[in-house]
Amino acid sequence: MTTILFKNAKVFTGKNTDFEAIDFAVDTESGRFINQETKAADKVIDLKGKYVMPGLINAHTHIVLDPFFKIGGLSSVNAVKTGAVVNTYIAVDNLNKLLKNGVTYIRDVGSSDNIDLQLSNLEKENKITAPGIIGSGPALVMTGGHGVELGLESDGVDELRKNARTNIKNGARNIKLMATGGVSIDGETPHDIQLSVDEMRAAVDEAHHKGYTACAHAQGTEGIKNAIRAGVDSIEHGIYLDDEAIQMMLENDTYLVPTLMAPWAINQHPDKLPDFMVKKSLAVQEAHIVSIGKAAKAGVKIAMGTDSGTAYNDFENGSSEELEHMVEAGLTPLQALQSASVNAAELLKIDDYAGSIEADKLADFIIIEENPLENIKAVQGDKIVYKKGKKVE
């Protein structure tokens, strides 16, 4: 066993409320944090003046998408069609970008060719160095519905149940459902109701029977409520939350994954994207920010996610920038850090082995120069990343 003792850092474990002076040790063979032993460690690293926190967890990604459309992207924006080989190349490149920028675990919520599921297995077997992956496979969408490019068209309770079972058979540990329309597709709005409560409940039941999770793309108010009624574990986006929807989330212990980066990124590039997309994105931005702030103030559990892969929503900086947007919307810096660590780990059901700095959990952590509880932008600065106890080069 090779052990490294890290000394003199200020550490946010995920479970404390401030950065504290804590020494911690890792075993590079198991890739886990270990209890500091009385015998000398094989190596000691002095982190005086540095800040340490758990590696970021991003609960909403699309790793097969190229956000800049150089190779591939959403068909509504770019007509280029790509196959499994090119999409895998894009996915691996995106995973590398995420990891180098401090994201050590992700949930992918819409992929092609089960690429996320296969890469998840390779990472678990230590055959690739990448963030850990909770994969969903293709999202379940109504015929012609939102996200059909990365979706499996499904109509009626029986088809939803069958396709959820198929995804789980193929290795999905989350079922992604489309409850409403959205911004990035022409001919629909965020308020459009798509999959019904009964359809979604059938898929949710299949996930829960296996101990897995289900989430819903839900932007408009009634679609959000339908998804909560169906029993999903998390609402993705949650643009138009009213008081009743927030209360329903609290009563059902439903998480919210804001993805504030998605409309923000579109709105920074109005001259490069279709008018329909920019018009809808500009229209939702203020309501989105207000909704997230109200939910946070009410005590809704929030997990960080970016929707990375959508238009100009990059894998390099998006996760740390999402934290800034969350704070601007009304979260405290502590809530933001918790959203990307312990909260996201609980949502993904990986909290027994990831999401916090403590013995026996994966030694996934980042080292930064400043205290993000004082300035959330500190997470965007220079950082050193460790995945499973090994420094990411």
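Visitor: Which residues line the second largest cavity?

Guide: This is a predicted model, where local features need pLDDT of at least 70 and side-chain atom pairs count only at pLDDT 80 or more, while totals for chains, interfaces and linings use all residues. Residues are numbered from 1 along each chain as its sequence is written, and side-chain values use heavy atoms, with hydrogens and water left out. A cavity is a set of points, on a 1 Å grid over the protein atoms alone, where a 1.4 Å probe fits but cannot get out, and lining residues have an atom within 4 Å of a point. For the second largest cavity these are Pro-54, Gly-55, Ile-57, Thr-104, Tyr-105, Ala-354, Gly-355, Ser-356, Leu-362 and Asp-364.

Visitor: From which domains does the lining of the second largest cavity draw at least three residues each?

Guide: Domain bounds come from an automatic or database domain assignment. With these bounds, the lining of the second largest cavity takes at least three residues from each of domain 1 (3-54 + 355-391) and domain 2 (56-348).

Visitor: What is the volume of the largest cavity?

Guide: The structure holds 2 cavities of 30 Å³ or more, and a volume is the space filled by probe spheres set on the grid points, which are joined across faces, edges and corners. The second largest cavity has about 60 Å³ of space, and the largest cavity has about 340 Å³.

Visitor: Which residues lie nearest the centre of the largest cavity?

Guide: The lining of the largest cavity is made up of 27 residues. Those nearest its centre are His-146, Ser-184, His-217, Asp-307 and Thr-310.

Note on methods. On a 1 Å grid over the protein atoms alone, a cavity is a set of points where a 1.4 Å probe fits but cannot get out, and a pocket is an open set with protein on both sides within 12 Å along at least five of seven lines; lining residues have an atom within 4 Å of a point.
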